[in-house]
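The sequence and the structure come first, and the notes follow by topic.

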Amino acid sequence: MYLLSTHPIITNDTVVFGLLALCLGFIFYSSSLKNGFWGKFYSVVPAVLMCYLLPAILTSTGIISDELSNLYFMASRYLLPAALVLMTLSIDLKAISNLGSKAIIMFLTGSVGIIIGGPLAILIVSIFSPETVGGNDFDAIWRGLSTIAGSWIGGGANQAAMLEIFQYNPEKYGGMVLIDIVVANVWMAIVLLGVGKTKQIDTWLKADTSAIETLKIKVSTFTEKITRVPTLQDYMILLSLAFAAVGAAHFFGDYISTFLNGNVEAVKDQKSFLSFLGSSFFWMVVIATTIGIALSFTKAKNYEGAGASKIGGMFIYILVATIGMKMDLGKVLENPGLIAIGFIWITIHAGLMILMAKLIRAPYFFLAVGSQANVGGAASAPVVAAEFHPSLTSVGVLLAVLGYVVGTGGALLCAYLMEIASAL
């Protein structure tokens, strides 16, 4: 197997960042060409998918490596909260509330799909490969899979909690991270491919998309009304608002998580449902989103006319590229049995989502964003939502926050069910 990623050609993060910027520039330029090869190519492959894939190719061919880079940390801790502020700056909470309960139903369906998908995947794989789902004590596969359940229902904080609770062998944990990244990215690619077929899918689902269309029109009308040629002053004020909020999100996030971990037993206990409250990343996302929403009630909302959400979108795409760096395509077949469990698991999740969407006639938007709010969290749900329309980004953000809330409890339930399935 080709494994140059541990000894990459380029290790200087400044150069790596330049390569990622070059990839993003190439993708956005080529996707703007509506005729010829590129027009046909991007009619099939979404541009955002290429923003994941090109960095993944650079990693897989040993040119760069996520393991030796701090770019994902930079993007997720600095640019993500800034993007959340800039993209919720003009949020219309009333219009979002008019979307109704289907968004929540689809999100919770996605969580249930992950909870029951894990044990069902173990049962299915055990039929033809019992050794794949075996293991004793702290090497037991179900313990490792519990970390994937934490990641897919909540996020990194919930994943870390599951590793702490079930004490899976640290030497083998890298294999579980690989399944998480590979399967989640493949599923996201499928979801993004569906975005281009939204009308056909909604027709098949017999979905009522009127509330979504109303929100799009309302936000677009507001944006057109306040759009102006931005000045340097506008950009500097946006920079100030975004990164002052990032600083506040980190300051208070660190303080709150440290205080709760030190003083609240239920938060300090990794086995507790409330353990996610001890994550500084969780509080960073919540505080940044709250600041953005609070600013939407002030005159700062008008900075959307100077391109606030576009700058936020640029930050998100940089984050997307750093996530793509994490996926080494050469490792996909290193452990086919575990990869099979991952794909069966995500297929059950997807099947349940499609069934529920069909039953309640939910639009594909709710299916896609509800799924990514579970599987991808705050780093992916806003990206997918924005692919439908920039005005819908905030829906992805709010659902992703909900994912952190239910993540630990849902992952614990999934883990106990997987333990039972492993013993059958």
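Helix H3 (residues 47–60) has 14 residues and reaches 20 Å from its first C-alpha to its last, close to the 20 Å expected at 1.5 Å a residue. The expected span of a helix is 1.5 Å times one less than its number of residues, and helices (H or I, at least four residues) are DSSP runs numbered from the N terminus. This is a predicted model, in which local features need pLDDT of at least 70 and side-chain atom pairs count only at pLDDT 80 or more, while totals for chains, interfaces and linings use all residues. Residues are numbered from 1 along each chain as its sequence is written, and side-chain values use heavy atoms, with hydrogens and water left out.

**Helix H3**

- H3 is mostly covered, with eleven of its 14 residues buried; buried means under 20% relative accessible area, exposed over 50% and partly exposed in between (1.4 Å probe, protein chains only).
- Among the buried residues of H3 are Val48, Leu49, Met50, Cys51 and Tyr52, and the buried set also includes Pro55, Thr59 and Ser60.
- Gly62 follows H3 and has a positive phi, near 80°.

- The 32 residues of helix H12 (residues 232–263) should span 46 Å at 1.5 Å a residue, and the end C-alpha atoms of H12 are 46 Å apart, which agrees.
- Buried residues of H12 include Asp234, Leu238, Ala242, Gly253 and Leu260.
- The cover over the buried residues of H12 includes H4, helix H13 (265–268), helix H14 (280–295) and H15.
- For the 17 residues of H15, the span should be 24 Å at 1.5 Å a residue; the end C-alpha atoms of H15 are 25 Å apart, which agrees.
- H15 is largely enclosed by the rest of the structure, because 15 of its 17 residues are buried.

**The second largest pocket**

- The second largest pocket has a volume of about 680 Å³.
- Of the 30 residues that line the second largest pocket, Met87, Ser309, Lys310, Gly313 and Pro390 are the closest to its centre.
- On a 1 Å grid over the protein atoms alone, a pocket is an open set of points where a 1.4 Å probe fits, with protein on both sides within 12 Å along at least five of seven lines; lining residues have an atom within 4 Å of a point.
- Grid points are joined across faces, edges and corners, and a volume is the space filled by probe spheres set on the points.
- H15 supplies the largest share of the lining of the second largest pocket, seven residues.
- Helices that each supply at least two residues of this lining include helix H1 (13–31), H3, helix H11 (210–226) and helix H19 (393–423).
- By class, the lining of the second largest pocket has 17 nonpolar, nine polar and four charged residues; Ala, Val, Leu, Ile, Met, Phe, Trp, Tyr, Cys and Pro count as nonpolar, Asp, Glu, Lys and Arg as charged, and the others, Gly among them, as polar.

**Buried residues and their contacts**

- Ser76 is found in helix H4 (residues 71–88) and is buried, with a relative accessible area of 1%.
- A polar atom of the Ser76 side chain lies 3.2 Å from the backbone oxygen of Phe73.
- The side chains of Ser76 and Arg77 make a polar contact (2.9 Å); a polar contact is a pair of N or O atoms within 3.5 Å, where within protein one must be able to donate a hydrogen and the other to accept it, and residues adjacent in sequence count only if both atoms are side-chain atoms.
- Not counting residues up to four places away in sequence, Ser76 touches Pro81, Phe281, Met284 and Leu319; contact means heavy atoms within 4.5 Å.
- Trp187 lies in helix H9 (residues 170–195) and counts as buried at 9% relative accessibility.
- Trp187 and Thr347 are 160 residues apart along the chain, and their C-alpha atoms are separated by 8.8 Å.
- Ala378, in the loop between H17 and H18, counts as buried at 4% relative accessibility.
- Not counting residues up to four places away in sequence, Ala378 touches Leu80, Val285, Ala400 and Tyr404.

- Most residues other than glycine have a negative phi.
- Lys206 has a positive phi of about 55° although it is not a glycine; Lys206 counts as exposed at 54% relative accessibility.
- Arg361, also a residue other than glycine, has a positive phi near 55° and counts as partly exposed at 45% relative accessibility.
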